[in-house]
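Let's walk through this structure together, starting with a contact between two side chains and then stepping back to the whole chain. Please keep the view open beside you as you read.

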Amino acid sequence: LGAKLGALQASLEAEVQKSSAAEAKAGELGEVVGKLEAEHKVATERSEGELRAALAELSELRRASEEAAARLASGEGAQRALKEEIDGLRQELTKSDEAKVAANARISELEEKLEAN
């Protein structure tokens with residue numbers, strides 16, 4: 001009976017040691033998990049900050065692009081207006097040249113009549 005009690009006591013002590021070792025290992029794993037969670041939180045916050053900064057930059061680029069497009073459209077409109085004005089002036093010059101030719105022809109006719117009389 002004494003031998004059985006001794007063996008049982010030794011077995012219980014071994015189980016207690018195993019349990020203590022398991023608790024120690026669980027504590028170590030808990031610390032590792034805690035560190036990993038903290039690192040993950042920091043990395044997530046940093047990534048979110050970088051993403052917000054990138055989105056702000058993208059928004060600024062989009063605004064600048066829209067402004068550039070508006071300036072380009074405005075410039076194209078101004079160019080078109082200038083070209084139309086130039087074309088109008090050329091047409092007036094052509095009409096003026098035609099009027100000069102007609103006036104010179106009429107003057108020549110009248111001078112011929114004047115000489116004939």
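Arginine 63 and glutamate 67 are joined by a salt bridge, with their closest N and O atoms 2.2 Å apart. A salt bridge here is a side-chain nitrogen of Lys or Arg within 4 Å of a carboxyl oxygen of Asp or Glu. Both arginine 63 and glutamate 67 belong to helix H1, where they sit 4 residues apart, about one turn of the helix. Helices are DSSP runs of H or I with at least four residues, strands are runs of E with at least two, and both are numbered from the N terminus.

Before going on, a word on what you are looking at: this is a predicted model, in which local features need pLDDT of at least 70 and side-chain atom pairs count only at pLDDT 80 or more, while totals for chains, interfaces and linings use all residues. Residues are numbered from 1 along each chain as its sequence is written, and side-chain values use heavy atoms, with hydrogens and water left out.

How exposed are the two partners? Arginine 63 is partly exposed, with a relative accessible area of 36%, and glutamate 67 is partly exposed with a relative accessible area of 36%. On this scale buried means under 20% relative accessible area, exposed means over 50%, and partly exposed lies in between (1.4 Å probe, protein chains only).

The structure holds 4 salt bridges. One of them, in helix H1, pairs glutamate 109 with arginine 106; their closest N and O atoms are 3.1 Å apart, and the two residues are 3 residues apart, about one turn of the helix. Glutamate 109 is partly exposed at 42% relative accessible area, and arginine 106 is partly exposed at 43%. Shared partners also link salt bridges into one network, made of Glu60, Arg63 and Glu67.

Another salt bridge brings together the side chains of glutamate 15 and lysine 18, at 3.7 Å from N to O. Because glutamate 15 and lysine 18 are 3 residues apart in helix H1, about one helical turn separates them. Glutamate 15 is partly exposed, with a relative accessible area of 44%, whereas lysine 18 is exposed at 55%.

Isoleucine 86 is partly exposed, with a relative accessible area of 42%.

With that distance in mind, look at the whole chain. The chain has 1 helix and 0 strands. Its radius of gyration is 50 Å, well over the 13 Å that the globule rule gives for 117 residues, so the chain is more spread out than a compact globule. The radius is taken over C-alpha atoms, and the globule rule is 2.2 Å times the number of residues to the power 0.38. Along its principal axes, the C-alpha trace spans about 170 × 15 × 10 Å. Of the 117 residues, 0% count as buried.

Finally, visit the start of the chain. Leucine 1 sits in the segment before helix H1 (2-116) and is exposed, with a relative accessible area of 80%.
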